[in-house]
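Dear colleague,

Please find below the sequence and structure that I am handing over to you. My account of what was found follows directly after them.

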Amino acid sequence: MSGGAQLAVERRSGWFRQLSVTGLQPRSFLLAKAAVVMVVTLPALVLNFAAGLVVGGVRAPLGDWVAGLLLLWVSLVPLAVLGLVVGLWVKAETVQPLNTLLLLVLSLLGGLWFPAQLMPDGMRIAAELTPSFWLAALGRWPFTAEAFLGTASRCSPGGQSC
C-alpha cells in the first residue's frame, strides 16, 4: 500500500500534468506504478520467509515455500491497488496515516492479531470478508494441514507427514 504515498507526491508536484502532455495513457502509468509496488514487495516477502526458516524453525519442502511465496505475492495485488487508490484520492500528507489506519483495521478485523476462530460469530463473519483474512489463509495453506476453499487436506490423518 506504500505506493500511494509516492503517487500523491507526484500528483502534488505536477508530474501528472507533465505526463498528460506526453502520449502516455494514465492507465499505463498506473499499471506501471502497481508493477513497481509488486516488485518492491517481493524482497520483503522473501525476507519474511527466510526469517520463518532461520528464526522460526519452519521446515517444509521447497515446493511449499515457493507456493506460499507466490500465492502471497500475487494475492497482494488488490492491496497494492488500494494503496494507489488512496494516493490518488487524498493529499500527500494524509496518505501514510490513512494507509496505516487501513492496515491496522484490516489486520485486526482479518484475524491477524488473534485467530478469527476466537472472535464472536459476528466478528468472525466480518473477518472472513476482509482481504487480510484470506491473505493469511493463503500464506499458511502450503505449510499446514488445513484445507483451503474446500480442497482436500494434503496431509495424512493425524497430521504426521505434513
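**Nonpolar surface patch**

Leu-101, Leu-104, Val-105, Leu-108, Leu-109, Leu-112, Trp-113, Phe-114, Leu-118 and Met-123 make a nonpolar surface patch of about 910 Å². Patches consist of residues with over 30% relative accessible area and no salt bridge, with like charges joined within 9 Å and nonpolar side chains (Val, Leu, Ile, Met, Phe, Trp, Tyr) within 5 Å. Accessible areas come from the Shrake-Rupley method with a 1.4 Å probe, and for residues only the protein chains shown count as cover.

Please note that this is a predicted model, in which local features need pLDDT of at least 70 and side-chain atom pairs count only at pLDDT 80 or more, while totals for chains, interfaces and linings use all residues. Residues are numbered from 1 along each chain as its sequence is written, and side-chain values use heavy atoms, with hydrogens and water left out.

With 5 residues, helix H6 (residues 92–109) gives the most to the nonpolar patch. Helices (H or I, at least four residues) and strands (E, at least two) are DSSP runs, numbered from the N terminus. Leu-109 has its place in helix H6 and is partly exposed, its relative accessible area being 32%. Here buried means under 20% relative accessible area, exposed over 50%, and partly exposed in between (1.4 Å probe, protein chains only).

**Ser-132**

Ser-132 is placed in helix H8 (residues 131–140) and counts as buried, at 9% relative accessibility. A polar atom of the Ser-132 side chain lies 2.4 Å from the backbone oxygen of Leu-106. Not counting residues up to four places away in sequence, Ser-132 touches Leu-106, Ser-107, Gly-110 and Leu-112.

**Salt bridges**

How many salt bridges does the rule give? The count comes to 4, a salt bridge being a side-chain nitrogen of Lys or Arg within 4 Å of a carboxyl oxygen of Asp or Glu. In one of them, Arg-12 pairs with Glu-93, and the closest N and O atoms are 2.5 Å apart. Arg-12 lies in helix H1 (residues 3–13) and Glu-93 in helix H6, so this pair ties together parts that are 81 residues apart in sequence. Both Arg-12 and Glu-93 are exposed.

Asp-121, Arg-124 and Glu-128 are linked in a network of salt bridges. The closest N and O atoms are 3.4 Å apart between Asp-121 and Arg-124, and 3.7 Å apart between Glu-128 and Arg-124. Asp-121 and Arg-124 are separated by about one helical turn, because they are 3 residues apart in helix H7 (residues 121–127). Asp-121 is exposed, with a relative accessible area of 53%, whereas Arg-124 is partly exposed at 25%. Glu-128 counts as partly exposed, at 32% relative accessibility.

With kind regards

Methods. Polar contact = N/O pair within 3.5 Å; in protein donor to acceptor, adjacent residues only side chain to side chain. Contact = heavy atoms within 4.5 Å.
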